[in-house]
Amino acid sequence: MNKKYFITVFLAVILGFQLINLNSVETEADSSAIATDNSNKRMEGIWVSTTLNLDYPSKGTTNSQTLKSEADTIINNCAAMGITDIFFQVRPESDAFYKSEIYPWSQRLTGSQGVAPDNNFDPLEYWIEKAHSKGMKLHAWINPYRITNTLNVSVDSLSLKSPARQNPDWVVEYEGKLYFDPAIPEVQDFVIRGVEEIVENYDIDGIHLDDYFYPGADFNDSATYAKYGNGKNKDDWRRANVDALVQGLHNKIEEIDGSVEFGISPVGVWANKSNNPLGSDTYGSESYYKNYADTRKWALEEWIDYIAPQIYWEIGHKTIDYKTAVTWWADTLKNCNTKLYVGLADYKCDGVDSSSPWYNGAAIKEQIELNKTISKVSGEIHFRYKFVNNLSYLKEIVSSVNNSSSVVTEAATETASTVSDDNTAETTTKLVNNTNDIMVVVDGEILEFDQKPVIQNSRTLVPFRKILEALGADVYWDNDTQHVKAVKDGTEISFVIGEKVLLINQKDTIIMDVAPQIMGSRSMVPLRAISESLGADVNWDKDERIVTINTK
């Protein structure tokens, strides 16, 4: 098996001035140099689906030459279209498109579950090698809980090596299909072990999950809820089960190889504003309530390296407007390191008449052009290969993405702001934290705390009075009820120590990820939630452990 390899590209740009690094000063390179740097190429991905033989292979076969030939065709076509990342489905139904010690060979690959391709052929290894030879990344796409994608398949008909057949007590039937119960700790461990096997044995660039979590609210998990629920609200308990898997996968991948990206592509709406004040102004199926997938949390907690919501509606859609949804995601994630890609519904362009917004790929083109104007959006993933490849106008749209002068990248935007019209570079001051403590800077002033800031569940907590006064608020404290009120420029916020509810102007509710709490002799509050509720911008430098807040 190939070992992990890394290619390091060093680009030196000399503009006739020296870079000065005296703890504080940086200079930016000419923006024209960035345009030729491949590291700033926009991510343009494509899903290659193997379930039901939708994209690959055309039908199950053990013939390694046929499997190689079909793979070559897809990979070459993707390279010709300018695709940068292939998301190849390697575990569609609790099985494998790779050599696995714990999952059987997929029936979608060879025609019969548990039967290997001939000549010791390993599809995943082949796809990785060929994609890399064309300069593309290869992400291993898995479905963590799905066992069958066809109706009324019995556990006893599965391969003897199938984990479902070996552990029938893990299995729940839902609407004629079989799923693993996400609540069972052994299921969580098994899924994580399966990912561990891939990351350790293959030169993959990423692990990718889509939107298959709990399949519905009436999922029959009453027995496991009775066993593991511990009196929790059932909805919250289900979400905690999926949280445990996602965080566990993050931790395991980081432990093995931090260069492997971990990302998830959920349904396009986390929650509708009508059901949750933090949600988007949409009216659609919600991952938070339907699939018990708190996708917003995973991104904000940085348990995933990227999130790619499947925003499968056109700009101007009556219930889920694409612009509204993508803007919500961009605004929600603007201050975290999790990258934002967008899943696009290329399949909707197939077979529509001229009255459709999807006709000739018009909706896709408009969505990509909009994405380019939103700096937080770093690219798209197209669903799926055959639709893009078979429709010439989609191929043309996808091919033009990285050849357009209108592409906006974070690097280019930042550089433009630091290079003047006469191409002389301006120096900028950069704070350096030489301590192990978290540094908090408000409007350029470093705050000193008598109780050091701490991180809890990926949230920074600081003494409430110090931060609120630094933000310019008047602070009121009721010692008997432990109630805090702060007022600034006509905005009032209030909360109680020990409770996650934050009220704005006594009517709008925000649920904080971490409750304010007493540590030592100080009441500590989550820094970001408090600051943003008063209109401040918050940025976190993970490397330097510096929180920068701007109230202007």
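Is Arg239 buried or exposed? Arg239 is buried, at 7% relative accessible area, where buried means under 20%, exposed over 50% and partly exposed in between (1.4 Å probe, protein chains only). Some notes on the rest follow.

1. A word on the ground rules. This is a predicted model, in which local features need pLDDT of at least 70 and side-chain atom pairs count only at pLDDT 80 or more, while totals for chains, interfaces and linings use all residues. Residues are numbered from 1 along each chain as its sequence is written, and side-chain values use heavy atoms, with hydrogens and water left out.

2. Back to Arg239. Its partner in a salt bridge (a Lys or Arg side-chain nitrogen within 4 Å of a carboxyl oxygen of Asp or Glu) is Asp236, with the closest N and O atoms 3.0 Å apart. The two sit 3 residues apart in helix H8 (residues 234-256), so about one helical turn separates them. Asp236 is partly exposed, at 42%. Helices (H or I, at least four residues) and strands (E, at least two) are DSSP runs, numbered from the N terminus.

3. The whole structure holds 16 salt bridges. One of them pairs Asp513 with Arg459 at 3.1 Å between the closest N and O atoms. Because Asp513 lies in the loop between strands E21 (508-511) and E22 (517-519) and Arg459 in strand E16 (residues 459-463), this pair ties together parts 54 residues apart in sequence. Arg459 is buried at 11%, while Asp513 is partly exposed at 29%.

4. Lys452 and Asp437 form another salt bridge, 3.4 Å from N to O. Lys452 is exposed at 52%, and Asp437 is partly exposed at 30%.

5. Glu261 is worth a look in your viewer. Glu261 belongs to strand E8 (residues 261-264) and is buried, at 13% relative accessible area. Its side chain makes a polar contact of 2.5 Å with that of Lys339; such a contact is a pair of N or O atoms within 3.5 Å, within protein one able to donate a hydrogen and the other to accept it, and residues adjacent in sequence count only through side-chain atoms on both sides. Beyond four places in sequence, Glu261 has contacts (heavy atoms within 4.5 Å) that include His139, Asp305 and Tyr341.
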